[in-house]
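This briefing covers the ligand site and the domain arrangement of the structure shown below.

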Amino acid sequence: MGAIQNTQIVLAERPVGDIDLKKTFRTDKTSLSTELGPNEILVKVLFISLDPAMRGWMRDVRSYIRPVRINEVMRSADVAQVIKSNNSDYKVGELVRATAGWQEYAVLQPSDDLVKIKAFPGVSPSTYLGVLGLTGLTAYFGLYEVGEIVKKGGPNCTVVVSGAAGATGSVAAQIAKHVFGCRVIGIAGSQDKCDYLVNELGLDVGLNYKSKTFFKELSAATPKLIDIFFDNTGGDILDGCLRRIAFQGRIIVCGAISTYNSVEPKGPAYYSALITQRARMEGFIVFDYAKQYAKATEDMSNWIKEGKLKSRETVVQGIENAPVALVKLFNGDNTGKMLVKVADEDSKSRL
Ligand SMILES: NC(=O)c1ccc[n+]([C@@H]2O[C@H](COP(=O)([O-])OP(=O)(O)OC[C@H]3O[C@@H](n4cnc5c(N)ncnc54)[C@H](OP(=O)(O)O)[C@@H]3O)[C@@H](O)[C@H]2O)c1
C-alpha cells in the first residue's frame, strides 16, 4: 500500500486576541495513504487562500460554519491538481478548487466544494481563489443583492469601499466604477495603496484611513453623501461612513476585519443615522448565493477580458509560511488577494 509524506498545519490552540505564531498553530509531518476508496481523488495543493474569516473559524462560537477543531487541519479554500483518481469525472492533471486546508496533499470526495477550474488564456489558476473565487463573488453579490446597485448605480451614485486595496474591496470598487459608472471612493491603509486605487484601478478618490485628517477628507470626497457603502472593515471607518450616509443609503456589511482580533466587540456609535436617513445596513454571506455563482463568474470573466476588472496577488512562498501570511492580512501587508504558493503545477503529475 503506497503512502506519501504530507505536511499539515493544524489549529493547536484557540487564540484570545491576536494570533500567536508560537502557539496558535502546529506543523505536523504525517503519512497519507495513496490507496483511494470509491470515487475518491488525491490532490496536490498548489495555492492556499488566506482569508480574514479564518480568524472567526478559530472561535468556538455560533457562526455560519462550524469552528475548526483543535488539532484539525486549518480550513482553507485551495487550488489543487488531481494526481490520482478513482473518479472518471476528475482526471489526473486537472485543476480543482476545494476546501482542502493547510496541507500539501488531500484525499477528497466529490462535494459542492469540489469545483473543476476551467481556466481561460491569460488567467492563472490562482485567480480562482481571488477575482474568480469567493472574494470576487463576495464583491459581486454584496453589490447586487445587498447594495441594490442595479437600481441605484450610475454617475449620480456615490459608492465608498473600505478595504479597497484588498481582494474583495478591489473587485467591489471596480465593479461599481467600471460596470455601473458610479463615483467611487476607496479607503485603504497607506498612500501607496491609495495611489494604486486611483492610478491603476481608476477609482475617483483614494483615502488613507491612517491619515490624521481622514474624516475631513472623507467629508470632502462625499459632497453628495454616500449612497452605497461596501464595508470590509467596520470600526471607526464604519462610524465615519454612517455619519455621511445618504437618504435611503445602503451599507453592505461584508466584513469587519478591524474587530476580528478584539476580545470584546465594539458596536458603531452613529447607527441612529439609519433611522434619520431611512438607510439600511445588512450583512450577508457569499455562500447564500451559491446557485448563482456560474452567472457571476461568467460576468466577471467577461469584465476581466474587457479590461474592467484588474487584480493583484500577494504571494507568500511555502506551506510553512501560511500562519505568517494570515497574520500579514491583519497588518495590511497584502495588496489584492493574499495567497500561499505550496507547489508548482505539474504537467506529469501522476502517482
Ligand atoms: N460576507 C462574506 O461572505 C465575506 C466573504 C469574504 C470576505 N469577507 C470579508 O471581507 C473583508 C475583506 O476580506 P479579503 O479576503 O478581501 O481580505 P483583504 O481585504 O484582501 O485583506 C484584508 C485587508 O484588511 C485591511 N485591514 C486590516 N486590519 C484593518 C483595520 N484594523 N482597519 C482597517 N483595515 C484593516 C488591510 O488593508 P489596509 O492596508 O487597507 O489596512 C488588509 O490588507 C474581510 O472583513 C472579510 O471577512 C466577507
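A backbone N or O atom of Ala256 lies 3.4 Å from an oxygen atom of the ligand; a polar contact here is a pair of N or O atoms within 3.5 Å. The model is predicted: local features need pLDDT of at least 70, side-chain atom pairs count only at pLDDT 80 or more, and totals for chains, interfaces and linings use all residues. Residues are numbered from 1 along each chain as its sequence is written, and side-chain values use heavy atoms, with hydrogens and water left out.

**Ligand contacts**
- The side chain of Thr168 places a polar atom 2.7 Å from an oxygen atom of the ligand.
- For Tyr260, an N or O atom in the side chain is 2.8 Å from a ligand oxygen atom.
- Of the 910 Å² of accessible area that the ligand has on its own, the protein covers 89% (Shrake-Rupley method, 1.4 Å probe).

**Shell around the ligand**
- The ligand is surrounded by 26 residues, and the closest are Thr168, Lys193, Tyr209, Tyr260 and Asn334 (a heavy atom within 4 Å).
- The shell comprises 13 nonpolar, 12 polar and one charged residues, with Tyr counted as nonpolar and Gly as polar.
- At least two shell residues come from each of α2 (134-146), α4 (167-179) and α10 (322-331), helices being DSSP runs of H or I with at least four residues.

**Domains**
- The ligand lies between domain 1 (3-130 + 311-341) and domain 2 (134-288 + 298-303), because both give residues to its shell; the bounds come from an automatic or database domain assignment.
- The centres of domain 1 and domain 2, taken over C-alpha atoms, are 28 Å apart.
- Their contact takes 22 residues from domain 1 and 18 residues from domain 2 (heavy atoms within 4.5 Å).

Definitions and conventions
A polar contact is a pair of N or O atoms within 3.5 Å; within protein, one must be able to donate a hydrogen and the other to accept it, and residues adjacent in sequence count only if both atoms are side-chain atoms.
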